[in-house]
Amino acid sequence: MPPSRAHHKTRNHQDANLRGLTRDGGSAPGRGARRAGRPPLFHPAHRGHPAVSRFLFVSPPLAGHVNPTAGLGRALAERGHEVAWAGSELFLRPLLGPDAQLFPTGSKLLREQAARGHAAIRSLWEQFIVPYAKFTAKAVDKAVLAYQPDVVVSDEHTPAGAFTAYRHGVPWATLATSSMELTRPLRAFPPVEEWMRGHLRTLWNAARLPPDEFTDPRFSPHLVLALTSRALTGPLPFPEHYALVGPVLADRSAQAAAPGREPFPWDRLEPGRRRVLVTMGTLAADVAGGFYPRAVAALGELADEAQGIVIAAPDALPDGVPPNVLRVSWAPILELLERGALDTVVCHGGMNTVCEALAHRVPVVLAPIRHDQPVTAGQVAAAGAGLRVSFERADAAALRGAIETVLGEPSYRDAAGRVSEAFAAGGGARAAADRLEALARTAAGAAGSSSSAPPPTPLSAQSSASPPAHRPAPDTSPSEPGATVDRDQRSA
């Protein structure tokens, strides 16, 4: 979900967009000299080793979408590969840390979105996905030209990454960080699906790509990395190049050390008590205000059974919270889960929070608000790993009953354990890195066997009357090198 703030934008291009900036503003050591003679755009022989490749992540300014890229980037870097990000430095830097190589796109904070149903889907597209793609298009293009990646990893909601990779003949993988696109929950509403594809076609044409080659940026024909499991999606058929790897968990010590962040009060956790975490996500603050008082009241009624930890802005909670409720503005959720400090999570159904909880065998109570959250909540309830309640109608008594049920009935924790095992079988960061390496190898082989092509034309230098210098990417599956993949293949 996009930031619910007043419309505001800043850009800081100049030379910054042509350098991979670290926090101090300097470029990566020796970057220009080492890359000057590299043929565009495939050439995996970085640092003199043919197995080393370069990966560029294109991420939106959303924590649940950026966090998995940190874990995947670390996995690739540990194998000797080079990784970088294109996105809002203002947002990504605190999540990725000072050492991450980042090509800034500028920041664009967008208008508030509608809260529920199809109106929320409309505002997601019209107030975030489409304007953000337009805003970042040239900066992402510059990043690809400057960094010359072997593979672009584009979030399902950042079309600019996929379109830019297509323009320059770079193979790209889709990172499916939510349940919104992967399972096509709106397939029962063909006009809505076509309306979304219409927006993407408009963006494709605005990028001056060949109209008859339109490729849906949400579903790469090369590789789709889905951070979920069939334990949640059910027996839906997926093409061979879809890899359901489960959640990619990452060390978040950089976030805990972010300037101005208050340390978490570990000493206030009561030993021997069951604990319930309540979080509705940082981006739902505009609509979640009424939910917090009900949740706090429910936790107060459970004083003899559990300690509550509520993550919310100070003005979102009532005065005089019960003594068994710890109110914080931020919490290291992943570390709490890793320490076994949580027994239940109450949340809005964001894929990131849900999968982190289930990966640690912690059942959930879900009060979905909008976008993919109802889809995720339905999947979790069907798997038996949690309960779904109404975000708008569930009062304190209903919330208390749901929390008591999930805490008290072993079946929910057992089901969460089964989902956790399915996640682990997916392979997480290891399996995702394997697939990305295979894609890079396939691309390198295709490039090595083809004749040299002219360098690509930057988007900023193209005229609207002339087509882009496009070199088709190799249509091969990363799991089966040489296998043909239909460029227009879609999600099942």
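**Briefing on a predicted structure**

At 14% relative accessibility, Phe238 counts as buried, because the cut-off for a buried residue is under 20%. The model described here is predicted. Phe238 lies in a loop, between helix 7 (230–233) and strand 9.

**Phe238 and Thr233**

- The C-alpha atoms of Phe238 and Val224 are separated by 10.0 Å, and these two residues are 14 residues apart along the chain.
- Thr233 counts as buried because its relative accessibility is 10%.
- Thr233 and Thr376 are 143 residues apart along the chain, while their C-alpha atoms are separated by 8.9 Å.

- An open sheet is formed by 7 strands, with parallel pairing, and their order is 4-3-2-6-7-8-9.
- The edges of this sheet are strand 4 (102–104) and strand 9 (242–244); each has a single partner strand, so one side of each is left without a neighbour in the sheet.
- From one strand to the next, the twist averages 20 degrees.
- Within the sheet order, strand 3 stands beside strand 2; strand 2 (residues 54–58) and strand 3 (residues 82–87) run parallel and are joined by 5 bridges.
- One of the residues paired in this way is Arg54, whose bridge partner in strand 3 is Glu82.

**The largest nonpolar core**

- In soluble globular proteins, nonpolar side chains tend to be buried together.
- In this model, the largest nonpolar core has 34 residues, and Leu56, Phe103, Trp125 and Val152 are those with the most contacts inside it.
- Two or more residues of this core come from each of strand 2, strand 3, helix 4 (117–147), helix 5 (159–167) and helix 6 (190–206).
- Helix 4 gives the largest share of the core, namely 12 residues.
- Leaving aside its neighbours within four places in sequence, Trp125 is in contact with Val130, Pro131, Glu181, Trp195, Met196, His199, Leu200 and Arg218.

**Strand 10 and its partners**

- Of the 6 residues of strand 10 (residues 274–279), 5 are buried, so this strand is largely enclosed by the rest of the structure.
- Strand 10 is joined to strand 11 (residues 306–311) by 6 bridges, and the two strands run parallel.
- Among the residues involved is Arg275, whose bridge partner in strand 11 is Gln307.
- Strand 10 is also joined to strand 13 (residues 344–347), by 4 bridges, and this pair runs parallel.
- Here the bridge partner of Val276 is Thr344, which lies in strand 13.

**Cysteines**

- The relative accessibility of Cys347 is 0%, and therefore Cys347 counts as buried.
- Cys355 likewise counts as buried, because its relative accessibility is 3%.
- How many disulfides are counted in the model? The count comes to 0 disulfides, since a disulfide requires a pair of cysteine sulfur atoms within 2.5 Å.

Key
Residues numbered from 1 in each chain as written. Predicted model: local features only at pLDDT ≥ 70, side-chain atom pairs only at ≥ 80, totals over all residues. Heavy atoms only, no water. Buried < 20%, exposed > 50% of the residue type's maximum accessible area, 1.4 Å probe, protein only. Pairing = 2+ DSSP bridges. Axes fitted to C-alpha atoms, helices over the stretch in contact; angles between N-to-C directions. Core = buried A, V, L, I, M, F, W, Y, C linked by side-chain atoms within 4.5 Å. Contact = heavy atoms within 4.5 Å.
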